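Visitor: I am new to this structure. Could you help me read it?

Guide: Gladly; let us look together.

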2 protein chains.
Amino acid sequence: MNQTKRKRLESKGWKIGTPKEFLNLSREEAAYVELKLDLSKGLQEYRRHKKLTQHQLALRLKSSQSRIAKMEAGDPSVSLDLLIRSFFALGASRKSLAQILS
Amino acid sequence: MNQTKRKRLESKGWKIGTPKEFLNLSREEAAYVELKLDLSKGLQEYRRHKKLTQHQLALRLKSSQSRIAKMEAGDPSVSLDLLIRSFFALGASRKSLAQILS
DNA sequence: TGACTTTATGTCAGATTTGACATATATTTG
DNA sequence: CAAATATATGTCAAATCTGACATAAAGTCA
């Protein structure tokens, strides 16, 4: 993992700490965090593609605008569950989810 | 969605209720539940393939045998987060995750 | 058979995630 | 430019998920 990626993570509020700690982010922790960030990004793209506001998406999800914002910002308080359910609520297929993963 | 699938879901303890309610499982709820069940199944296969007991996997995940059992049983109390982190802990790649999705 | 290992199920206190709210900041539109 | 709309950020009580434990049930093997 390089400096660019590190900044990308740290800037999102992921508490990574010292370089040593950062390097100790285990392979699986890193994979998990990166997956969430990619889903965050994908979700925002998909929502915009559908020409929905965060507020509109929140209504569909029975969530709130602020939570949608946090999802798209890659906030650590957002679970994969919520991200993935949001994709489905936007009409995404499993296939399109799989594409984000690949 | 057919009767077979319904039984598969109900038998796992998903409270689906009456036929009417069942039919009202929205597309996205159904997609979410089915995804979780497929991951459950995939996790069990992967663990067995690696010749690990639930207890051994629990140690790696710093979880417990009972929670692993619930994961593999598709228990509603288990989140996608935990399922996916478990895959990564077993050494699975994003690609192999994507394959389960497709 | 019975001892042993593995998996399943129920429960619960503690931890995490949630929607909601207030409000700040940014973006669009007239 | 200013008003309107959209998005971002901080907080928190309630809801959900968690590991841990006890124990039941199922599977393995001598």
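Visitor: What rotation superposes chain A on chain B?

Guide: In general, two copies of a chain are related by a rotation about an axis and a shift along it. Here, in a predicted model, a rotation of 179° with 0.0 Å of shift along its axis superposes chain A on chain B, with RMSD 0.1 Å (least squares on the C-alpha atoms of residues with pLDDT of at least 70 in both). That is the relation of a two-fold axis. The C-alpha of Ala98(A) comes closest to this axis among the residues of chain A, at 2.4 Å.

Visitor: How are the residues numbered and the chains lettered?

Guide: Residues count from 1 along each chain as its sequence is written, while chains are lettered from A and ligands numbered from 1 in the order in which they are written. In this predicted model, local features need pLDDT of at least 70 and side-chain atom pairs count only at pLDDT 80 or more, but totals for chains, interfaces and linings use all residues.

Visitor: How many residues of chain A are in contact with chain B?

Guide: 17 residues of chain A are in contact with 17 of chain B (C-beta atoms, placed from the backbone, within 7 Å). α6(A) gives the most to this side of chain A, with six residues (helices are DSSP runs of H or I, at least four residues, numbered from the N terminus).

Key. Contact = placed C-beta atoms within 7 Å. Helix = DSSP H or I, 4+ residues; strand = E, 2+ residues; numbered from the N terminus.
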